[in-house]
Amino acid sequence: VDVVASGALSGRDVAILATDGDVSLAGVDARDDLVVRASGTVTATGALRSGLVASDDGLGVGDALAQATLSGGDLDIAGEGVTVASLTAEGAGSDIRGDAGAGQFAVGQARSVAGDLFLSGGSIAASGALVGTDVVLRSSTGDITAAAIEALDDIYIRAAGRLTVSGFMITARNATGATSS
């Protein structure tokens with residue numbers, strides 16, 4: 001059964017599960033965690049945002065679906081192919097984890113304000129910047145392409161195919177804006 005939300009969704013913890021189908025979303029704003037699971041594909045035409053209210057961090061339906069205690073306002077998305085406009089995790093310790101299985105993980109931009117960014121899939125295509133404290137990109141069968149990659153700490157990339165970054169790749173940006181590599 002597919003899950004389709006043609007209007008924007010919002011809530012404290014948001015958990016979306018399609019055990020035998022696809023998930024299609026217009027956009028989601030979660031004050032704490034946002035967790036999406038699909039046996040098929042996941043698509044979102046609008047922004048997927050988590051951790052919008054730091055004081056709302058706590059156990060909820062997102063933690064239950066992830067089968068883990070999520071700290072911060074985590075955004076955790078998994079399906080057999082993922083295509084999303086943008087991913088943003090706000091607040092301290094708010095991580096983004098995305099797994100497209102053997103399919104492609106396609107994203108406009110992904111930004112974890114004060115947490116880690118981890119994306120995996122058969123291939124990864126990012127038309128915008130990928131930003132996090134640590135940025136980890138892993139493709140199992142194809143290429144990784146990104147417009148830009150910025151990490152406060154480490155960048156780890158493992159591509160089965162080619163790696164193409166059309167813009168900048170920056171690590172260790174300090175509070176003054178200076179960089180060291």
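## Sheet

Two strands pair if DSSP finds at least two bridges between them. Strands here are DSSP runs (E, at least two residues), numbered from the N terminus. By that rule, this predicted model holds an open sheet of 7 strands with parallel pairing. The strand order is β3-β6-β8-β10-β12-β14-β16. β3 (14-18) and β16 (155-158) are the edge strands, and each pairs on one side only. From one strand to the next, the twist averages 0°. Axes for such angles are lines fitted to C-alpha atoms, and angles run from 0 to 180 degrees between N-to-C directions.

In general, strands of a sheet pair through backbone hydrogen bonds, either parallel or antiparallel.

## Strand β6 and its partners

β6 covers residues 34-38. Its pairing with β8 (residues 75-78) is parallel and runs over 4 bridges. V35 has D76 of β8 as its bridge partner. V36 stands opposite I77 of β8.

β6 also pairs with β3, in the parallel sense, over 5 bridges. There, A18 has A38 of β6 as its bridge partner. β6 is mostly covered, with 4 of its 5 residues buried. Buried means under 20% relative accessible area, exposed means over 50%, and partly exposed lies in between (1.4 Å probe, protein chains only).

## Nonpolar core

A nonpolar core is a set of buried Ala, Val, Leu, Ile, Met, Phe, Trp, Tyr and Cys residues joined through side-chain atoms within 4.5 Å. The largest one has 36 residues. L48, F105 and L130 touch the most other members.

Contact means heavy atoms within 4.5 Å. Leaving aside neighbours within four places in sequence, L130 is in contact with V107, A110, L117, L119 and V135, among others. Its list also includes L137, A146, A148, I149 and E150.

## A129

A129 sits in strand β13 (residues 123-132). A129 counts as partly exposed because its relative accessibility is 27%. Not counting residues up to four places away in sequence, A129 touches G108, Q109, A110 and A148. A129 and V165 are 36 residues apart in sequence, and their C-alpha atoms are 9.8 Å apart in space.

## Basis

Residues are numbered from 1 along each chain as its sequence is written, and side-chain values use heavy atoms, with hydrogens and water left out. In this predicted model, local features need pLDDT of at least 70, side-chain atom pairs count only at pLDDT 80 or more, and totals for chains, interfaces and linings use all residues.
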